[in-house]
Amino acid sequence: MKKVVIIGAGPAGLTAAFELKKRAPQDYDVTILEESGEIGGISRTVKYKNNRMDIGGHRFFSKDPMVMKWWKDLMPLQGAPSYDDKKLGREKVLSMGGPDPEREDRVMLVRQRVSRIYYQKKFFDYPVTMKPQTFINMGFPQTVKAGISYLNSCIHKLPETSLENFYVNRFGRVLYGMFFEGYTEKLWGRHPREISADWGAQRVKGLSVTAVVKDMFEKMLPNRKDRKVETSLIEEFLYPKYGPGQLWETAAAEIEGMGGHIKKHCKVTGVRTENGKVTALETLGENGETQIVEGDIFISSMPLKDLVEGMGDTVPEDIRTIAEGLPYRDFVTVGLLVDHLNLKNLTKIRTLNNIVPDCWIYVQDTGVKVGRIQIFNNWSPYLVKDVDSKVWIGLEYFCKEGDDFWNLSKDKCVRLAVEELIRMGVINRKEDVLDSHRERVKKAYPAYFDTYGQIDQLIEYLNGFENLYCVGRNGQHRYNNMDHSMVTAFETVKNILSGEKSRDNIWNVNTEKEYLEEKAEA
């Protein structure tokens, strides 16, 4: 048996292990090394006093049918209503013979996607729509300015040398200034003019005012089931009963059931290479013990910066400089349990306790540091212990490891979060907060500036190691969605099983505008 060593128990690493053990169980001995004690990477679910937090928010939707099938095979679609749908009389398309989420845990829920922008204490649809309420919120003068600005952007296209120009070309300068500029700078810590347009090409793809209008009119036409829909416009998604971590913990159990091995608290500190191959990894255990892990094939989802650093002085200086300069944004989630939100549900969507129906609320106002607010009740009623009477929310902050915000004590961080909610009018007073929890996540978002412009040289160098494969978000320094990370693993396993030497198919995932786009219904 060939020994396969996988670095990282996130979506990419777990998918690669699962596929190898499923497709060629007698040919590969698979071991996953995970630095933390958790499964799922940034897609894990944090448990706190019988409430659960989704780190980052993960919609289970993909235009790749293989990914959708993989998820559904692991966790079957619900065959009976979930608690909130049953209580509110909300109808969902159910899977005949599927599990009842009120009785079984291994079940995938069908959830409604509601994400809005909170700007100047008003809600706007996300992505921005052409609904009357949008224009009412903006006011007539601003609407006219936005329309003229958009028409001007259609006539005078800017060279897409930056993320700023990318957005202006698709939305016009006025809408860009309202809904993209401040939030993007909050997210990345850099102005959009300093960020590569590659980020927009990968995350936004074909989304624009034109796409929004086209989608709106196509919804009015009967029998248009063959229409293509931009991912950001998809209105339903799948979601594990207990959050994304439940699916990945289930995958991990399946891997071990097939004979795979998962070592937690096992940090990779060194990467030994010889004659164009990786020969072994140096690891550090939870209690300080060191170990050398040898292998025939290595699949890495660890940050490219750390992978190259682990290779030491064998790496050429120019390549080492590129890797060292790759930037990241780190991430803090503050979970708050509150009695109620001071936000009225003016939608037609029924919710428990009539809270607003949003999964995410994007906070565009630059007067506060918070970037997004998750309402966990709306992701799944099973994430919240007292879902009928309490609201469990997560405030997402983007920062840099070691900066002032990252280094705040837990109490000061929570105090800041509560003060911002009061200032925005989301809650009335600090006494409304019943409990709190903080999670910090390193290297959550690979960033698209500094030495990122030279990343092709780094990729070429790493592709020179014939038994090394780089997968996933951090493994490729690419802001991939969960499904894209999984597809990098699918492609890697395909190459291993077929003997394909090229890595192009792995690195090309989520780089082309129409990559793997399949017919999808909103």
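Cys266 is in no disulfide, and the nearest cysteine sulfur, which belongs to Cys470, is 18 Å away. As background, a disulfide is a covalent bond between the sulfur atoms of two cysteines.

Before going further, note that this is a predicted model, in which local features need pLDDT of at least 70 and side-chain atom pairs count only at pLDDT 80 or more, while totals for chains, interfaces and linings use all residues. Residues are numbered from 1 along each chain as its sequence is written, and side-chain values use heavy atoms, with hydrogens and water left out.

Cys266 is buried (under 20% relative accessible area, where over 50% is exposed and in between is partly exposed; 1.4 Å probe, protein chains only), with a value of 8%. Cys359 is buried too, at 2%.

Cys359 leads us to Asn378, because the two are in contact (heavy atoms within 4.5 Å). Leaving aside neighbours within four places in sequence, Asn378 also contacts Arg111, Thr351, Ile355, Val356, Pro357 and Asp358. A polar atom of the Asn378 side chain lies 2.6 Å from the backbone oxygen of Asp358. Asn378 is buried, at 10% relative accessible area.

Now look at Ser380, which is buried at 0% relative accessibility. A polar atom of its side chain is 2.7 Å from the backbone oxygen of Lys241. Beyond four places in sequence, Ser380 touches Leu109, Arg111, Tyr239, Pro240 and Lys241.

How values were computed:
Polar contact = N/O pair within 3.5 Å; in protein donor to acceptor, adjacent residues only side chain to side chain. Disulfide = S-S within 2.5 Å.
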